[in-house]
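Look at the fold shown here, and read it alongside the notes that follow.

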Amino acid sequence: NALCILGHMHATKGENEEAESTYRLALVADPNHVATLNNLGHLVHTYRNNIEEAEALYRHALVVDPERLSVLNNLGNLLSSRKEYDEAEALYRRILQHDPHHATALASLGHLLHTVREKNVEAETMYRRSLKAEPNNANTLTNLGHLLFTVKKDTRGAE
């Protein structure tokens, strides 16, 4: 969908209002275009903080394509931000059933396991698996370093 691509170009340049209007126009043309639903969901969640609309867009996308990993991840992040941890964790684990090396889902699950569940051994494993896929991810390195320092008192961090 060309309008989805144009909307994404606007979004990457920080032109959020143009991106939003372009995505909405794209959905008029094809209301079931999964990438557009996902991109608009992400935009309204992060730019407008409209969690309800973002969730509705993600869930609509999942009706059309129940296994779209990017949508599952975005919905998981939204639910986690709302403290709906059980469903968020289930979504991250569902992603990993399809792609065991999905760095973002591994890192998100690691963060949830560490900060919410206090399952630090499993969290460390998730962070390390994520870093195998994306070795220079600053957020994952920071989170692993925090876990090692606070739980294990390992001052070497995430070496």
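## Reading the model

Helices (H or I, at least four residues) and strands (E, at least two) are runs assigned by DSSP, numbered from the N terminus. This is a predicted model, where local features need pLDDT of at least 70 and side-chain atom pairs count only at pLDDT 80 or more, while totals for chains, interfaces and linings use all residues. Residues are numbered from 1 along each chain as its sequence is written, and side-chain values use heavy atoms, with hydrogens and water left out.

## Overall fold

The protein chain has 9 helices and 0 strands. Its C-alpha trace spans about 55 × 30 × 25 Å along the principal axes. The chain has 159 residues, and 43% of them count as buried. Buried means under 20% relative accessible area, exposed means over 50%, and partly exposed lies in between (1.4 Å probe, protein chains only).

Contact means heavy atoms within 4.5 Å. Take the contacts between residues at least 6 apart in sequence: 39% of these join residues at least 24 apart.

## Two loop residues

Asn49 sits in the loop between helix 3 and helix 4 (51-64). Its phi is near 55°, a positive value in a residue other than glycine. Asn49 is exposed, with a relative accessible area of 56%.

Lys83 lies in the loop between helix 5 and helix 6 (85-98). Phi is positive for Lys83 too, near 65°. Lys83 is also exposed, at a relative accessible area of 60%. For background, most residues other than glycine have a negative phi.

Helix 3 has 13 residues, which should span 18 Å at 1.5 Å a residue. The expected span is 1.5 Å times one less than the number of residues. The end C-alpha atoms of helix 3 are 18 Å apart, which agrees. Its buried residues include Val34, Leu37, Leu40 and Val44. Among the elements that cover the buried residues are helix 1, helix 2, helix 4 and helix 5.

A nonpolar core is a set of buried Ala, Val, Leu, Ile, Met, Phe, Trp, Tyr and Cys residues joined through side-chain atoms within 4.5 Å. The largest one holds 38 residues, and Leu75 and Leu78 touch the most other members. Helix 2 and helix 9 are among the elements that each supply at least two residues of this core. Leu75 touches Glu55, Tyr58, Arg59, Leu62 and Leu91, not counting residues up to four places away in sequence.

## Two pockets

A pocket is found on a 1 Å grid over the protein atoms alone: it is an open set of points where a 1.4 Å probe fits, with protein on both sides within 12 Å along at least five of seven lines, and lining residues have an atom within 4 Å of a point. Points are joined across faces, edges and corners, and the volume is the space filled by probe spheres set on them. About 250 Å³ of space lies in the largest pocket. Of its 15 lining residues, Thr104, Ala107, Ser108, His111 and Asn143 are the closest to the centre. Helix 7 gives the largest share of this lining, 6 residues.

The second largest pocket has a volume of about 200 Å³. Its lining includes His8, Tyr23, His42 and Asn74. Here the largest share, 5 residues, comes from helix 3. By class, this lining has 4 nonpolar, 8 polar and no charged residues. Ala, Val, Leu, Ile, Met, Phe, Trp, Tyr, Cys and Pro count as nonpolar, Asp, Glu, Lys and Arg as charged, and the others, Gly among them, as polar.
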